[in-house]
Amino acid sequence: MISGIRLSLSILLFCTALSVASETAIANDLYVSNYSGGLIYKVSADGKVNTFAQGLEGPRGLVFDKSGNLYAANYNGNTVSRISSSGVVTTFATGFNNPFGLAFGEAGMLYVSNYGGDTISKVSPDGSVSVFAKGLNKPIGIAFDASNNLFVVNYGDNTISKIDSSGLSAQFATGLNGPRGLVSDRSGNLFTANYSNNTISKITNNGNVSLFASGLSGPRGLAIDSNGNLYAANSTMNSISKMNSKGKVSVHATGLSSPYGLAIAPEKAH
């Protein structure tokens, strides 16, 4: 009888340890651009904020490559910076027009929204820049879905465009309210931050728009972690909000300044 109790207890402790280890493995750091101070914050899983990199020029969008390098769109400098894991900043590409959103597509190609030029640029791994799409309307957030379709937030007319592999764009969703950041989940749903009414909209893969979360404070950049939790940069409250899969909002971090772009660090090897 005692042996049976000990065995049951051992199994329970083992399963609990596995659960804790799983939660730890997917808890990666959040990186936040400070557009007025020209720096990048690193926010740990428990909400602690530290400066990670400096010397940027009005950074907006952020994105990681598969190797763990961070890229930042320098809106004021018309460049994209690459930042090493130790926080060293170098210029990766130049020749943009108020670059805003960043997203990686196939073959290591980086896509950049040009707010000032109403275009999307494509940047090769060697930093060469070409025009990929035209005719947008003050594009800001961009994101690929699980099927490698590119979507772009048009701040100028409160819409989202879908762009095919040849660069042709079509209207995908309407009825937004000052949209800024854009992310996609594993099911192909899009989420965008509505700066003008402090909400997050969810857009299904057929373009249907619904309210996902409210009560934000000037939301701009968005990021989503491997658990499906959504993060939003609150520019007017200088904080980061966290939303679970049901849209419940909680405070993740405070004490930032002018937060804008967000990016989740790639999962570390264990």
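**Figure 1. Arg60 and Tyr260 in a predicted model.** The charged end of Arg60 sits over the ring of Tyr260, 5.6 Å from its centre; a charge sits over a ring if NZ of Lys or CZ of Arg is within 6 Å of the ring centre and within 35 degrees of the ring normal. Arg180 has its charged end over the ring of Tyr195, 4.1 Å from the ring centre. Tyr260 also belongs to one aromatic cluster with Tyr35, Tyr75, Phe100 and Tyr115. The model is predicted, with local features needing pLDDT of at least 70 and side-chain atom pairs counting only at pLDDT 80 or more, whereas totals for chains, interfaces and linings use all residues. Residues are numbered from 1 along each chain as its sequence is written, and side-chain values use heavy atoms, with hydrogens and water left out.

**Figure 2. The aromatic pair Phe191 and Phe212.** The whole structure holds 13 aromatic pairs, that is, rings of Phe, Tyr and Trp (its six-membered ring) with centres within 6.5 Å; planes under 30 degrees apart count as stacked, over 60 as edge-to-face and the rest as tilted. The ring centres of Phe191 and Phe212 are 4.9 Å apart and the planes stand at 70°, so this pair is edge-to-face. It links distant parts of the chain, 21 residues apart: Phe191 lies in strand E17 (residues 190-194) and Phe212 in strand E19 (residues 209-214). Strands (E, at least two residues) are DSSP runs, numbered from the N terminus. Both Phe191 and Phe212 are buried (under 20% relative accessible area; exposed is over 50% and partly exposed in between, with a 1.4 Å probe and protein chains only).

**Figure 3. Surroundings of Asn198.** Asn198 is placed in the loop between E17 and strand E18 (199-203). Its relative accessibility is 28%, so Asn198 counts as partly exposed. The C-alpha atoms of Asn198 and Leu216 are 4.7 Å apart in space, while the two residues are 18 apart in sequence. Leaving aside residues up to four places away in sequence, Asn198 touches Ser214, Gly215, Leu216, Ser217, Gly218 and Pro219; contact means heavy atoms within 4.5 Å.

**Figure 4. Asn78 and Asn98, two loop residues.** Asn78 is not a glycine, yet has a positive phi of about 55°. The loop that holds Asn78 runs between strand E5 (70-74) and strand E6 (79-83), and Asn78 is partly exposed at 26% relative accessibility. Asn98, likewise not a glycine, has a positive phi of about 55°. Asn98 lies in the loop between strand E7 (89-94) and E8 and is partly exposed, with a relative accessible area of 22%.

Methods
Helices (H or I, at least four residues) and strands (E, at least two) are DSSP runs, numbered from the N terminus.
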